[in-house]
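Colleague: Thanks for sitting down with me. Could we talk through the charged side-chain pairs in this one?

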Amino acid sequence: MEVARPQLIHRWISVVVLLCMFTFEAQCFYLPGVAPQDFLKGDPLMVKVNKLTSTKTQLPYSYYSLPYCTPKKIVDSAENLGEVLRGDRIENSPFEFHMREPQMCNVVCRIVLNAKTAKELKEKIEDEYRVNMILDNLPLVMPIKRPDLDTTVYQHGFHVGLKGQYAGSKDEKYFIHNHLTFTVKFHKDPQTDAARVVGFEVRPFSVKHEYDGEWTGKNRLTTCDPHAKRTVTSSDSPQEVEDKKEIIFTYDVEFEESDIKWASRWDTYLLMADDQIHWFSIVNSLMIVLFLSGMVAMIMLRTLYRDISKYNQLETQEEAQEETGWKLVHGDVFRPPINSDLLCVYVGTGVQFFGMTVVTMTFAVLGFLSPSNRGGLMTAMLLLWAFMGVFAGYASARLYKMFKGSEWKKITLKTALMFPGVVFSLFFVLNALIWGEKSSGAVPFGTMFALVFLWFGIAVPLVFVGSYVGFKKPAIEDPVKTNKIPRQVPEQAWYMNPVFSILIGGILPFGAVFIELFFILTSIWLQQFYYIFGFLFIVFIILIVTCAEITIVLCYFQLCSEDYLWWWRSYLTSGSSALYLFLYAAFYFFTKLEITKPVSGMLYFGYMLIASYAFFVLTGTIGFYACFWFTRLIYSSVKID
């Protein structure tokens, strides 16, 4: 087994190197979620409808929850775990496209509104809901010209409708977008007649369609007629949403040849117009790291070196008795802290979270988790969380044994259940709120069962496996002996007060990530693609370094002032950055979002509380291990009688 392990590691390294070479060689930063599909002229194109979304409510709804035209049979597409948790509900549609065969003014259906359906449409228009569709795995976008920047920006989907007033009237009316002009961009193979879809755009219009006589289903419209080449180009006579009003849904399909190749078709969606801000974020974070690195270097190379040399050159017993500073507390510095069991649980959970984050980001940077693989990121995170349970058990058991603990099964059970239990309870309450709103974002019973199976069927057993292996190993030995009687901690200066130093310690790690945090929140809550994983990975490394360095600096000051209670404080110092994250999330809510419904507000703060809790566990563990390494290093460097 020992011989096989290096070969296995070598094989994995080879695979990663080959992938990196492939990614670099192809000059593309993602591996698409699906294989390319070739279409000959006349081949049918499957248009699928997805959820209705709104940044004002954050509650997704199924497309067919509104009185839209339906196909003969509604068929749900198979969705992965991540898609279901995101609230995606992908179904077939009544729109029929054929490759490179333009269509004009196709009538989908005619409906007559009643009081209930009119009310539902008005509510969705009021809340600015958008309709999302998919063609060949590409989401539907609406191009909007920006004359100030001389560029085109793309918005996801199109609005259900709009509010407006007739000329000379002050009454606000609701109008529905009932005519859609689709543009399918394709890239043609020069050798064959086959083509690939590289773009899917729409221009929505609100049109009160007119026709002669009674409606039979075969009437020719006077407002939009393919025979007379009359098409809809504006919303001058819009379709009003009111009880007893009839609505005729129509669409055009245009095909446009494009130079964009299939491998680059997502570049339009992932266009980064604000990369300068990201570079500013990186530079800002690096300045913080350099400042902290300077302080750590000064402590480690100058102060500590001088201290260690001085302590090791003490010749007389009198001099040894007069020792001051951090050496004075050598007999207490490795004394197990209060609530040591809880610390072991949190450290183990943090290791699990750290492993999940590193592996997820590595896959994301290599391009395996691109937006073309819908729900892939969330699915990967959940699976990796379960499989990283083995490291959680190992880390908590090793620390627990060092603290002279003996009931390893008890600590393992706490590690396996505590953090996921708190998160699952919060998630369950939030899901009940979504379910109460009849939103498609509510997680179905089957998916809830899958999550529970992941937790109890995979994560919990793996935590026990890791814990068993960790507890079997010999205990970590302290570099110095611990006195039987604890010494009294002298009165501390105001700036060394635990609460003050903990709160100060969280500012710099948060400062290193807060600009990138803005983009992450925007992608989550304003439904935009986040695909700058390269920047995110750099910021994550900077976060690790910042957490480690600020904790080491404050830990050194604490030990110098003869306060040896560093275990919990090291965890809380960098972990307190989660408090600032939550406060920033509240600031973002009141300044950037237009959420007015109480349920939507509760969802936002509930999910941000879960995110902040996870961030606390991650950053706290990084700070703890940095401090753990630092204290063992300095106390193993001095001679102690």
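Colleague: How many salt bridges does the count come to?

Modeller: Happy to go through it, and keep in mind that this is a predicted model. A pair counts when a side-chain nitrogen of Lys or Arg is within 4 Å of a carboxyl oxygen of Asp or Glu. By this rule, the number of salt bridges is 21.

Colleague: Which residue forms a salt bridge with aspartate 136?

Modeller: Aspartate 136 sits in the loop between β4 and β5, and its partner is 129 residues away, in the loop between β13 and α4. The closest N and O atoms of the pair are 3.1 Å apart. That partner is arginine 265.

Colleague: Is arginine 265 buried or exposed?

Modeller: Buried means under 20% relative accessible area. Aspartate 136 falls in that class at 15%. Arginine 265 has a relative accessibility of 2%, so the class is again buried.

Colleague: How many residues apart in sequence are the parts that lysine 173 and glutamate 240 tie together?

Modeller: Their side chains meet in a salt bridge, 3.7 Å from N to O. Lysine 173 is partly exposed at 24% relative accessibility, while glutamate 240 is buried at 10%. Lysine 173 belongs to strand β10 and glutamate 240 to the loop between β12 and β13, so the separation of the parts they tie together is 67 residues.

Colleague: What is the N to O distance in the salt bridge of arginine 335 and aspartate 332?

Modeller: Both arginine 335 and aspartate 332 are buried. Their side chains meet in a salt bridge with an N to O distance of 2.6 Å.

Colleague: Which residues do salt bridges with shared partners join into one network?

Modeller: Here the salt bridges share partners, which links the residues into one network. Its members are Lys51, Arg86 and Asp88.

Key. Residues are numbered from 1 along each chain as its sequence is written. This is a predicted model: local features need pLDDT of at least 70, side-chain atom pairs count only at pLDDT 80 or more; totals for chains, interfaces and linings use all residues. Side-chain values use heavy atoms; hydrogens and water are left out. Helices (H or I, at least four residues) and strands (E, at least two) are DSSP runs, numbered from the N terminus. Buried means under 20% relative accessible area, exposed over 50%, partly exposed in between (1.4 Å probe, protein chains only).
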